[in-house]
Structures are given as C-alpha cells and as structure tokens.
Amino acid sequence: EWYQRRVRGLLSSSSPFHSAYRVSKAGLNMLTKCMALEFIEKGVLCCGVHPGGCKQIWVVQMPLFSAGSCVDDLMEVVTKATKDHSGLLLRNKLEVMSFSGLI
C-alpha cells in the first residue's frame, strides 16, 4: 500500500532528518504500548491513530483526503475503539497497522 512504499522510502534514506523521524516514531510507538499496559486496569484506552494522508503541499505519492475527511475518520476510530484495541496502532475503519512498519 501507499504507506508501505512511503516507509520503505524513509528507511532507505541516509538523511539525518529521517533518523530523527524514525527515532521519534519508535518512541511514540513504545509510549503507546507502555501507557496501554499502565492504564488498562483503570479503564483508560490508549492507542495510536494514523490519520491517513491529508492534503498538504509537501505530501506526494499517497492518497490525499480533505482535512474534514481525515477528522471524520479519526473521530470514528476514537468513538468505536474498544479495550481490545488498547496498545495498537489504528487507522480508519479500525484497521490495525504494524508499529514496526512505521519506524
């Protein structure tokens, strides 16, 4: 899919900015998993949500959606996610994504 192509492009780059991007993503992914474990006993759902490709001038080679459409998809995930989704990375329609593919 488009995001897998984008990730492969990021991983193959030697730019120092891409290293910072990958490290920050890894930190967010681990934070999501740790918070999910910490707060599930208190009934708090913690998950990552991938918004999809919103129309921006610097985004290329991926499907682009209006900001309103991205917000609608995010709100659907937020309102329909259950404790079974805790600690996962979700995209629209509650599709589970791999953390490892986005570092």
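This is a predicted model: local features need pLDDT of at least 70, side-chain atom pairs count only at pLDDT 80 or more; totals for chains, interfaces and linings use all residues.
User: What volume does the second largest pocket have?

Analyst: About 200 Å³. A volume here is the space filled by probe spheres set on grid points, which are joined across faces, edges and corners. A pocket is an open set of points on a 1 Å grid over the protein atoms alone, where a 1.4 Å probe fits, with protein on both sides within 12 Å along at least five of seven lines; lining residues have an atom within 4 Å of a point.

User: Which element supplies the largest share of the lining?

Analyst: H2, with 6 residues. Helix H2 (16-39) and E1 each give at least two residues to the lining. Helices (H or I, at least four residues) and strands (E, at least two) are DSSP runs, numbered from the N terminus.

User: And how do the lining residues divide into nonpolar, polar and charged?

Analyst: There are 10 nonpolar, 4 polar and 1 charged. Ala, Val, Leu, Ile, Met, Phe, Trp, Tyr, Cys and Pro count as nonpolar, Asp, Glu, Lys and Arg as charged, and the others, Gly among them, as polar.

User: Step back a bit. How many helices and strands does the protein have?

Analyst: It has 3 helices and 3 strands. Read from the N terminus, the order of the elements is α-α-β-α-β-β.

User: In what order do the strands sit in the sheet?

Analyst: The 3 strands form an open sheet in the order E1-E2-E3, with mixed pairing. Strand E1 (48-49) and E3 are the edge strands, each pairing on one side only. Two strands pair if DSSP finds at least two bridges between them.

User: Do E2 and E3 pair in the parallel or the antiparallel sense?

Analyst: Antiparallel, over 3 bridges. Leu90, for instance, has Val96 in E3 as its bridge partner.

User: What about the loop between E2 and E3?

Analyst: Leu94 is in that loop. The phi of Leu94 is near 60 degrees, which is a positive value in a residue other than glycine. Leu94 is partly exposed, at 21% relative accessible area. The cut-offs are under 20% for buried, over 50% for exposed and partly exposed in between (1.4 Å probe, protein chains only).

User: Now salt bridges. How many are found in the whole structure?

Analyst: The search finds 3 salt bridges. A salt bridge is a side-chain nitrogen of Lys or Arg within 4 Å of a carboxyl oxygen of Asp or Glu.

User: Which residue does Lys80 form a salt bridge with?

Analyst: Glu76, with the closest N and O atoms 3.3 Å apart.

User: Which residue does Arg91 meet in a salt bridge?

Analyst: Glu95, at 3.4 Å from N to O. Arg91 counts as buried at 12% relative accessibility, whereas Glu95 is partly exposed at 30%.

User: Last topic. How many disulfides does the search find?

Analyst: It finds 0 disulfides. Cys47 is in none, and the nearest cysteine sulfur, that of Cys46, is 7.8 Å away. To count as a disulfide, a pair of cysteine sulfur atoms has to be within 2.5 Å.

User: Is Cys47 buried, exposed or partly exposed?

Analyst: Partly exposed, at 23% relative accessibility. Cys34 also counts as partly exposed, at 39%.

User: How far apart are the C-alpha atoms of Leu31 and Cys47?

Analyst: They are separated by 9.6 Å, with the residues 16 apart along the chain. Leu31 is in helix H2, and Leu31 is partly exposed at 43% relative accessible area.

Key. Residues are numbered from 1 along each chain as its sequence is written. Side-chain values use heavy atoms; hydrogens and water are left out.
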